[in-house]
Amino acid sequence: MIGLAHFLTVSALLFAMGVLAILLKRNAIGVLMGIELILNAAGINFVAFSHFLGGLEGQVITLFIIILAAAEAAVALAIVFSIYHNFQTINVDQVDRLKG
Amino acid sequence: MLLSDLKLFAPELVVAGLLLGVLILALKPRSWSFYASTCLAGLALALVALAALAALPAQSYFSSMVVHDPFALFCRAFFLAATMLAILLTLRSRELCGPGAGEFYLLLLAVLLGMMLLAGSNHLLMVYLSLELVSVPSYLLAGFLKRERASSEASLKYVIYGALSTGVMLYGLSLLYGLSGSGSFEALRRHFSGSSFDPGLVGLALVMALAGFGYKISSAPFHFWAPDVYEGAPTAFTAFLSVGPKAAGFAVLVRFLFSSLTSQPGPTGTLLPLSPWPTLIAILAALTMFVGNIAALVQHNMKRLLAYSSIAHAGYMLMAVCLVSVTGLQAMLFYFIAYAIMNLGVFLVVIVIANATGSEEIATYQGLWVRAPYLVAAMGLFLLSLAGIPPLVGFVGKFYLFKAAIAGQLYWLAVVAVINSAISLYYYVYVLRVMFIDPGGELTPLRPPAVHTAVLAVLVVLTVALGIFYGPLDSITRASAHLLGS
């Protein structure tokens, strides 16, 4: 029988993978994918809690998360595009003019 | 039911209408000053709509998603005023004169709408939505100068740090939802004041949620984005960022902690935290003050120095949050105003100088005293106010904070704050020394445009006048330091 704990384990793993991707990936697109993983981990939590505790609140929240994740991704990709235009690379380690 | 709720939402509706109006106007290219005056007129209308709400009793609306109370009213008025000042800062700027004026003000209004919603958020979903409404347009505004490498780098760093922090926060909020079974602050408070709960899990959820709030107010250890973003972004937007969204972050942090993790006031009016969060916030406050002030000592770029200074000021304001008292809240609201006046003043001087010299390096400020004595005198006044020298408004703000900390018997934190004020004096005076004493080669007089002179004059008068006659502000902030249900 699949219970709440199984869903929480999956979301915790997804969250950890997202954080690792952000820390280890040097490609800006890879970093953004890590962020998506974190948002989806939170989404799974909301849906799982909503199902096992009753009520629809969690599922509604997840719908909002999906929409905002898309909006955020669109903005982030536009920014990566402008980075590529200015630096001819999307390696986040080579974008380091501002220091101190 | 819904229609009467809309009445409470009128200021936000005006801002949203203005936003749509700007969107339509932006179909044709128009000048920066055209949009600025349109926005100023619209925001003045929103202020009037807000003033009409002042007499209404505190209540929640939109199915308890948003609340109307003195605290939210004060914050919304503050955000409107701060945005109007920031719009004045965008005029006659060297950076902001190219195409895309409509888009700039459109995004700025979206951030304002998000800030106003943040002040009244009463549900985890509202917190997340309005925080994103503040953040996402901010990423674009930081990278608004898309031909400049610094600006696009600033926006990349901002979007990565920002999205990570809000993602971690959202995960923490999902755990809070799972613990209480509802996202509303009332349900959270019921849950935490009733049955036994796992303090470890609540602590974990709280720390994760703090990542999002901490990033918004640029508190250590979530501050790493701030120096780079402040330096790379257009200066007028940096000024706005250091005042508006930071205060919005404080407003939502206070509402979240006071409405969901604090007991309802007892017969004596004392508030009791339901988990040891004040200790956590106190440690963050001390850490933030030290990180900001010590890193500011070695800066060569004025905007970077102001970034670290704004981190340090976030530390002072956090001190007010961890007191869990009305006195603390009042001190925080007073500091919002004081900080906005002096910080926008400093940034305006930085804009004027950069318009003339094209640089924000402190080394290029040498000998400015000869070129623009009034400008440099104004800068000196703002910097001394930031350092907390009497009789300026920054001193009164700090005095309220320290007094509240001592009244709350948080003596060690008050001592830390005093030590930090002393450290901060060093780097503020260092900038003054460069401008007043160091000789410079250039001697041609530097004349700021009329609009800048007028705004500067108003800010100088406010810095001095509110430092001496702080009575009215005292009564306003005292009346505003009340949240619905606490």
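**Ground rules.** I am working from a predicted model, where local features need pLDDT of at least 70, side-chain atom pairs count only at pLDDT 80 or more, and totals for chains, interfaces and linings use all residues. Residues are numbered from 1 along each chain as its sequence is written, while chains are lettered from A and ligands numbered from 1 in the order in which they are written.

**Where the chains meet.** I began with the contact between the two chains, counting two residues as in contact if their C-beta atoms, placed from the backbone, lie within 7 Å. On that count, 36 residues of chain B touch 33 residues of chain A. I then asked which elements of chain B give two or more residues to this side, and found α6 (124–142), α7 (149–180) and α10 (225–232). Helices here are DSSP runs (H or I, at least four residues), strands are E runs of at least two, and both are numbered from the N terminus. The largest share, 19 residues, comes from α7(B). I sorted the chain B side by class and got 17 nonpolar, 12 polar and 7 charged residues. For the classes, Ala, Val, Leu, Ile, Met, Phe, Trp, Tyr, Cys and Pro are nonpolar, Asp, Glu, Lys and Arg are charged, and the others, Gly among them, are polar.

**A look at chain A.** I picked I66(A), which sits in helix α3 (residues 57–87) of chain A. Is I66(A) buried or exposed? I have I66(A) down as exposed, because 11 other C-beta atoms lie within 10 Å. My cut-offs are 20 or more such atoms within 10 Å for buried, 12 or fewer for exposed, and partly exposed in between, with C-beta atoms placed from the backbone. I also checked I66(A) against L39(A): they are 27 residues apart along the chain, and their C-alpha atoms are separated by 8.2 Å.

**Back to α7(B).** I160(B) lies in this helix, and I noted I160(B) as buried, since 21 other C-beta atoms are within 10 Å. Next I looked at how α7(B) packs on helix α8 (residues 185–193) of chain B: the angle is about 60° and the axes are 9 Å apart. Axes are lines fitted to C-alpha atoms, for helices over the stretch in contact, and angles run from 0 to 180 degrees between N-to-C directions. L176(B), L179(B) and S180(B) of α7(B) make the contact with A187(B), L188(B) and H191(B) of α8(B). That contact has 4 nonpolar, 2 polar and no charged residues.

**Helix α5(B).** I tested the length of this helix, residues 101–120, against 1.5 Å a residue: its 20 residues should span 28 Å, and the end C-alpha atoms are 30 Å apart, which agrees. The expected span is 1.5 Å times one less than the number of residues. I then found 19 of the 20 residues of α5(B) buried, so this helix is largely enclosed by the rest of the structure.

**The core.** Which residues touch the most other members of the largest nonpolar core? Of its 221 residues, they are L109(B), M319(B), Y335(B) and L401(B). A nonpolar core is a set of buried Ala, Val, Leu, Ile, Met, Phe, Trp, Tyr and Cys residues joined through C-beta atoms within 7 Å. Helix α14 (residues 326–357) of chain B gives the largest share of this core, 22 residues. Leaving out residues up to four places away in sequence, I listed what L401(B) touches: Y316(B), M319(B), A320(B), A331(B), Y335(B) and A417(B).

**Helix α18(B).** This one, residues 411–436, has 26 residues and reaches 37 Å from its first C-alpha to its last, close to the expected 38 Å. Its buried residues include L413(B), A417(B), Y427(B) and M435(B). Among the elements covering the buried residues of α18(B) are α12 (277–296), α13 (302–321) and α17 (393–407) of chain B.

I logged a cis peptide bond joining A220(B) and P221(B), with omega about 0°. P221(B) is in the loop between α9 (199–216) and α10 of chain B. The bond from P390(B) to P391(B) is also cis, with omega near 5°, and P391(B) lies in the loop between α16 and α17 of chain B. F62(B) is not a glycine, yet its phi is positive, near 50°. F62(B) falls in the loop between β1 (59–61) and β2 (66–68) of chain B.
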